[in-house]
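I opened this notebook to keep a record of what I looked up, chain by chain and then residue by residue.

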Amino acid sequence: MPGLVQSIERAAAILRLLASSAGRLGVGEIARSLDLPKGTAHGILRTLQAVGFVEQDKTSGKYQLGAALLHLGTSYLDVNELRSRSINWADPLAARSGEAVRIGTLLEGKVLVVHHVFRPDDSLQTLDVGALLPLHATALGKVLLAYDASTAATVLRGELEPYSRRTLVNPRALARALAAVRDAGWGAEVEEMTVGEAGIAAPIRGYGGLVVGAIGVSGAVERICDTKGQPNPTLVAYVRDAARAVSRDLGAARW
Amino acid sequence: MPERYVVSIDQGTTSTRCIVFDRRGQLVSVVQREHQQYFPKPGWVEHDATEIWRNVERIVPRAVAQAGAGPEQIAAIGIANQRETTVLWDRRTGVPYGNAIVWQDTRTDSLVDELARVPGVEAVSQRSGLPLATYFSGPRIRWMLDNTPGLRERAERGDVLFGTMETWLVWNLTGGPEGGIHITDVTNASRTMLMDITTLEWDPYLLSFFGIPASMLPEIRSSAQVYGTSRTVLPGVEIAAALGDQQAALFGQTCFAPGEAKCTYGTGGFLLLNTGRELVRSTHGLLSTVGYRIDGEAPVYALEGPIAIAGSLVQWFRDRLELISTAPEIETLARSVDNNGGCYIVPAFSGLFAPHWRSEARGVIVGLTSYITKGHLARAVLEATGWQTREVVDAMNADSGLALRTLKVDGGMTSDNLLMQFIADVLDVPVVRPMVAETVSLGAAYAAGLAVGYWPDLEGLRQNWHRAGQWLPAMDPQRRAQEYDNWQRAVERAFGWIKQPLA
């Protein structure tokens, strides 16, 4: 059995200390209470602050529990925040790939479209931000499912609605597909939702690698796939680059 | 043959950015650097022009290197700049006389009040196309000449040069004290109150009205024209465009035909409408300005409606009221309710700009009842930007006789879907977002590329423009009319708040 991680124990002690304190605590007070070097306490506090578990008062410099701790169970990244942070990467993805781009998150067993960039050909298109898509029949959905064990278990237990002849309606086939997404780091859907259409998606990650959404392109199957019906590797690379760029931005910044 | 690029320098209010664009108008690399904001007194805002020049020296070579290119691969440099910010410097040493006075600075308010009583003031608006206000450069030059000991004498001897930021950068790029070219572009010149808006030349009447020696002034050039060759930063590369930032956004959005308009939603909002070869004089509270001029062609005019507070109202909601922790969360909070609950916020924090121009107005929140939640307030915050846009569009339609058919939008607030839908709803026209968000930088690049033949013509540039998103109006006309009436009654309640102190 592996040993316990000391810094996590110390972080937990700091959180307990802050939770039981009547007011905010300074770094010196925390270090003295736990008999830690001030530098160590400061490093842990800064990390906890970065993930939103503690907050620092601007004027006094003292710490308190962060708002993120109060809704640990709910989504920690606001969907409008996700759109705002990804908009500068979604546009170039559409320009480079020549395809429509969508960003989705999980909402009540569906994919919620939080951002949509038109295919750059100026044809008539309608924004479908706010639309709900099925998880098992879309590239965005398969990627989101692949990294959310509990939602995946629910979906695999339930009925898988057929949208086309190629929709994965067999739970075992879907489970295999999700494992393949985790192995590859991206996912695709070929005529599983609509005949003649395909999509490619990759995960957007926040702090610690937590998947907060998926970004992908979709369009006519002959443009998304090569002559063998496999997702075009160039498009896959574009999608993964964009997903990594958004993830970098999310992980690097604090909120 | 190696790929060639155009370099764009966007000298903005808070930072300077250098972007390298390719032939398809796609962003290849970007480097940005912020500069210090100085607030020496309430209402005063200054920048250190030398710091800004040093930032340009640093970021331009870095952006070109990041693009994997050498100076020989750069076809031209284009400049977009914060408008109306005023720098005076010594012709022989290149050292500025104090800090630059920034466009937001209101130190000239009492000077402007005085000037408003000078006989002959009626002709000032007629000649310049602008209302007499602290917003423009002319009064700032006068203030500096009046308040810097010995400066007026030196200016009259011809030792002092004036410029807005593009003038300062071009002069430094082309050699500074050793043969630097002293020019301004016509869009920037149109914001000084010193240029005759019909002849596009410095107006002796206006110069004498403001008491400004002609020897300080740069030569007025077209917006897209080779001004000279860079002797530093990117030696040998031609400097081929300069435009004020809002005009650059108009150009970057390819609003080349009369009736085409764009609105940039940042801290404030700036709506510009292309009025073509015709100068439209506003009778509804808008500014007449030059949109752009391509060398060898007639100028293209624009009507402008500046809105002082747009995104900054969201920042206030976040930083002062602390009801949200990030700006995008305003949309989440606003969507927690179905409507504004009868609540309206008029953000006249420092008076109202277009189309009212009421400096004595102050912000109000009206329609408060015990029913109102923070969700309703969040709606009212977003709706304030929508209604202010509607007021400016109504004024534009009335002034130009052109009914707006589509509004092209850009800027940070375009990521707010609720707001973009609301703007489409209240204007009753489609709102369209382009694929390239960096329209200011792109506009400067386009103008420069056009001047050196990197792009063949305006039609070629239009083909680079693609729709990334579109919001269609969906509001019931009766509800629109009712809500607009409520908004207008709210605005009336903001008027006349600041009064002279009781004697």
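The entries below go from the chains to their contact and then to single sites.

**Ground rules.** I am working with a predicted model, in which local features need pLDDT of at least 70 and side-chain atom pairs count only at pLDDT 80 or more, while totals for chains, interfaces and linings use all residues. Residues are numbered from 1 along each chain as its sequence is written, and chains are lettered from A and ligands numbered from 1 in the order in which they are written.

**Chain B overall.** I counted 16 helices and 23 strands in chain B, taking helices (H or I, at least four residues) and strands (E, at least two) as DSSP runs numbered from the N terminus. The radius of gyration of chain B is 22 Å, close to the 23 Å that the globule rule gives for 503 residues, so chain B is as compact as a globular protein of that length; the radius is taken over C-alpha atoms, and the rule is 2.2 Å times the number of residues to the power 0.38. The C-alpha trace of chain B spans about 70 × 65 × 40 Å along its principal axes. Of its 503 residues, 54% count as buried, where buried stands for 20 or more other C-beta atoms within 10 Å of the residue's own, exposed for 12 or fewer and partly exposed for the range in between, with C-beta atoms placed from the backbone. I also looked up the contacts in chain B between residues at least 6 apart in sequence, and 72% of them join residues at least 24 apart; a contact here requires C-beta atoms, placed from the backbone, to lie within 7 Å.

**Chain A overall.** For chain A I noted nine helices and eight strands, and a box of roughly 65 × 40 × 30 Å along the principal axes for its C-alpha atoms. Of the 255 residues of chain A, 37% count as buried, and among its contacts between residues at least 6 apart in sequence, 57% join residues at least 24 apart.

**Where the chains meet.** How many residues of chain A are in contact with chain B? I found 18 residues of chain A in contact with 18 residues of chain B. On the chain A side, the elements that give two or more residues are helix H4 (79-97) and strand S4 (110-117), and the largest share, nine residues, comes from H4(A). By class, that side of chain A has nine nonpolar, four polar and five charged residues, with Ala, Val, Leu, Ile, Met, Phe, Trp, Tyr, Cys and Pro counted as nonpolar, Asp, Glu, Lys and Arg as charged, and the others, Gly among them, as polar.

I then went back to H4(A), in which 17 of the 19 residues are buried. H4(A) bends by about 55° at A:Ser86, the bend being the angle between axes fitted to the seven residues ending there and the seven starting there. A:Gly98, with a positive phi near 75°, follows H4(A).

B:Thr13 is found in the loop between strand S1 (5-11) and strand S2 (15-21) of chain B, and it is partly exposed, with 19 other C-beta atoms within 10 Å. Leaving aside neighbours within four places in sequence, B:Thr13 is in contact with B:Gln82 and B:Val102.

B:Arg83 lies in the loop between strand S5 (74-81) and strand S6 (87-90) of chain B.

**Backbone checks.** Most residues other than glycine have a negative phi, and most peptide bonds are trans. The peptide bond from B:Ala354 to B:Pro355 is cis, with omega near -5°, and B:Pro355 is in the loop between strand S19 (344-346) and strand S20 (364-366) of chain B. B:Trp357 is found in the loop between S19 and S20 of chain B, and has a positive phi of about 50° although it is not a glycine.

Technical notes: Contact = placed C-beta atoms within 7 Å.
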